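Please open the model in your viewer and keep the sequence panel beside it. The stops below say what to select next and what is to be found there.

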Amino acid sequence: MADRAAVEELVRLQGERVRALKQQKASAEQIEEEVAKLLKLKAQLGPDEGKLKFVLKTPKETLTGKYGEDSKLIYDLKDQGGELLSLRYDLTVPFARYLAMNKLTNIKRYHIAKVYRRDNPAMTRGRYREFYQCDFDIAGQFDPMIPDAECLKIMCEILSSLQLGDFLIKVNDRRILDGLFAICGVPDSKFRTICSSVDKLDKVSWEEVKNEMVGEKGLAPEVADRIGEYVLQHGGVSLVEQLLQDPKLSQNKQALEGLGDLKLLFEYLTLFGIANKISFDLSLARGLDYYTGVIYEAVLLQTPARAGEEPLGVGSVAAGGRYDGLVGMFDPKGRKVPCVGLSIGVERIFSIVEQRLEALEEKVRTTETQVLVASAQKKLLEERLKLVSELWDAGIKAELLYKKNPKLLNQLQYCEEAGIPLVAIIGEQELKDGVIKLRSVANREEVDVRREDLVEEIKKRTSQPHCIC
């Protein structure tokens, strides 16, 4: 043990030397030489024995072992010091790590940031390798299903306010899935991989899923058939009550707990007025390994499409669930913090909105600008700058072209292309008269507005509520 401790100390010191050389921007040859020494020292330690000491470090994110079969989509990197690094796969695991590092046991938060997937991009389906997610999470020890119901309420509010059309939120519970796998005869070692197969039922037929489970994953055909009797069912609270009376499933402790929580969840969802948007779907599995209880996924029932074309399918637009064990995986003492949350796929939402606007032959707005400050003649840059400053100070979203003497036609064309609704035009005559010509880009109507009344007039014209478009 003493020898090993001595080598570990040498590894630590050599690692610090490598990092110092990098900070000093030493030559690549010198860094390579020291890294080689570091790797040689690490090799002396041999295979790790026993339980490793779990140390959290701010620059590293520990992602492996959290996503099951989806782990193949993680971007893995390796720094010159020999440490394994990855681009973050989602915002949930870093959140759990943050709770563990800061010993937080109670928090409610939202987070919008980029994540990365080593996946095959499908631009028309809103599927990218680098994209934004918007997450909302509640961490803490609370009475069952109250925060879970709030997450589903928030998801409904978001999807309704975005005006994407009809949607449905599928709900299931990992404990119910594990319970039915157990009573159907699935070996414990195959739970997660069979779970991943079942999760494909929203995209492919049962026969294809069964063939995968039997042909690729070695499940007995009769076991697959028993699974099929359950996972093809979906409904509301009546299905929950039916399964609570199922002679086999009701004898499984895990499944019984999950069904009991789902029944309670539906009571709260009814009180929130959203039970009609929720479907208990036994085929919903969610591929991520960290889920421990209730899981959910929102899908659009009909995606707008261009005339004569098939509706665009982008898969789920929001999803989430309960992950009570994830924080404990980062805590050296294994202390657990119950958590539940949801994630909105920002790019997928944008794909749908863009398609809807194209179908309606509407412009996709690329700016929030409410008014462009334009000039009708040359040598009016100073006046444009003064007016745009007045509008900014009044809280108006305004801009101007970065040219001294832009042509009026080019300024108007820019508004049409960018979807800017109003143009405030300054001309020599307008300056003499103390007015600004306010032009509506949509119908090309123009009115003279006294300069002191311009802010009020713009606010009146742009005060109508707007959707995401």
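Select Tyr-110 to begin, and opposite this residue you will find Phe-136 in β4, where helices (H or I, at least four residues) and strands (E, at least two) are DSSP runs numbered from the N terminus. Strands are said to pair if DSSP finds at least two bridges between them. This is a predicted model, in which local features need pLDDT of at least 70 and side-chain atom pairs count only at pLDDT 80 or more, while totals for chains, interfaces and linings use all residues. Residues are numbered from 1 along each chain as its sequence is written, and side-chain values use heavy atoms, with hydrogens and water left out.

Now widen the selection to the whole sheet, which is open, has mixed pairing and consists of eight strands in the order β3-β4-β10-β9-β8-β5-β7-β6. At its edges are β3 (107-116) and β6 (234-235), each of which pairs on one side only.

Next, pick out β9 (318-322). Is this strand enclosed or open to the outside? Five of the five residues of β9 are buried, so the strand is largely enclosed by the rest of the structure; buried means under 20% relative accessible area, exposed over 50% and partly exposed in between, with a 1.4 Å probe and protein chains only. In a regular strand the side chains alternate between the two faces of the sheet. Both faces of β9 are covered, with Ala-318, Gly-320 and Arg-322 buried on one side and Ala-319 and Gly-321 buried on the other. Towards β8, the pairing of β9 is antiparallel over four bridges, and Ala-319 is the bridge partner of Glu-297. Towards β10, the pairing is again antiparallel, over five bridges, and Arg-322 has Val-340 as its bridge partner.

Move on to helix α6 (residues 191-198), where six of the eight residues are buried. These are Phe-191, Ile-194, Cys-195, Ser-196, Ser-197 and Val-198, and what covers them includes α5 (174-184), α7 (206-216) and α8 (221-231).

Then go to Val-7 in helix α1 (residues 2-23), which counts as buried at 14% relative accessibility. Not counting residues up to four places away in sequence, Val-7 touches Leu-41, Gln-44 and Leu-45, a contact being heavy atoms within 4.5 Å.

Select Arg-439 next, in strand β14 (residues 435-440); with 15% relative accessibility, this residue counts as buried. Its contacts, leaving aside neighbours within four places in sequence, include Leu-412, Pro-421 and Glu-446. The side chains of Arg-439 and Glu-446 make a polar contact at 2.8 Å, that is, a pair of N or O atoms within 3.5 Å, of which, within protein, one must be able to donate a hydrogen and the other to accept it, and residues adjacent in sequence count only if both atoms are side-chain atoms.

Finally, colour the model by pLDDT, the predictor's confidence in each residue from 0 to 100. The protein averages 86, and 87% of the residues score at least 70. Over residues 304-308 the pLDDT is below 50, and this stretch has 13 contacts in the model beyond near neighbours in sequence.

Technical notes
Axes fitted to C-alpha atoms, helices over the stretch in contact; angles between N-to-C directions.
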